[in-house]
Amino acid sequence: MSQDSNDSRDSKDPIGAHLGRSLAALERAARDAGLLAAARAIAAAMIAALRAGNKLMIVGNGGSAADAQHIAAEIIGRYKQDRPGYAALALTTDTSALTAIANDYGFEQVFARQVEGLGRRGDVLLALSTSGRSPNILAALRKAREIGLVTIGFTGLKGETLGALCDHLLVAPTDDTPVVQQIHLAVAHGICDEIERTMMREAPRK
Ligand SMILES: O=C(CO)[C@@H](O)[C@H](O)[C@H](O)[C@H](O)COP(=O)(O)O
Ligand SMILES: [Zn+2]
């Protein structure tokens, strides 16, 4: 049985059961010193790259593709403060590129090919994968390493092997896919806050 499943409550009250699982996992995350240390190190790596004129690229499948776009929008647009846009993009949005690459080279290459074309040494690749096993995510991380990007993985309890391809790995303390995604987004919002506050403190008008 999954760490967070509760079958009898699920069948009677799926919404309440989901909220209960989400709350418990978020509480575990908020008290997880390893997760908080990883999140702070990830924010610092992103800040260093953005300050040096590099960019952040983000990849994910399904709900994590939506999260990739959400996080990129917070950074290029704004999170809470009026400030310059910082260089971030999701590689999940260009349907022409995605379909051409999938059609011509296979779905496994949809992100790796974009990393090859757009990535420059010192850029950051943030890969969101709840399972840590999606072949297109693994291929993107391998390509990023080849080019000299900083590699960051967000995963769940089943995905820790992703760490072999990542300079920084954040592990949500659950194996329930949607709850893993919710923790990824909550941590990402905290990281956006840290990025914005630090960049604004150091160069408020730049
Ligand atoms: O949003 C959800 C589940 O909450 C799904 O769309 C989910 O993202 C998809 O099944 C993905 O293909 C899962 O990929 P990954 O996180 O294992 O890399
Ligand atoms: Zn979902």
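Student: At what angle do helix α2 and helix α8 pack, and how far apart are their axes?

Tutor: Two packed helices are described by the angle between their axes and the distance between the axes. Here α2 (residues 14–30) and α8 (residues 177–202) pack at about 45°, axes 10 Å apart. Axes are lines fitted to C-alpha atoms, for helices over the stretch in contact, with angles from 0 to 180 degrees between N-to-C directions. Helices are DSSP runs (H or I, at least four residues), numbered from the N terminus. Mind you, this is a predicted model: local features need pLDDT of at least 70, side-chain atom pairs count only at pLDDT 80 or more, and totals for chains, interfaces and linings use all residues. Residues are numbered from 1 along each chain as its sequence is written, with chains lettered from A and ligands numbered from 1 in the order in which they are written.

Student: And how does α4 sit against α8?

Tutor: Helix α4 (residues 63–76) packs on α8 at about 10°, again with axes 10 Å apart. That makes the pair roughly parallel (angles under 35 degrees).

Student: Which residues of α4 and α8 meet?

Tutor: On α4, G63, S64, D67, H70, I71, E74 and I75; on α8, Q181, H184, L185, A188, C192 and I195. Contact means C-beta atoms, placed from the backbone, within 7 Å.

Student: What is L141 in contact with?

Tutor: Leaving aside neighbours within four places in sequence, L141 is in contact with L125, A127, T151, L165 and C166.

Definitions and conventions:
Helix = DSSP H or I, 4+ residues; strand = E, 2+ residues; numbered from the N terminus. Contact = placed C-beta atoms within 7 Å. Parallel < 35°, antiparallel > 145°, perpendicular 65-115°, else oblique.
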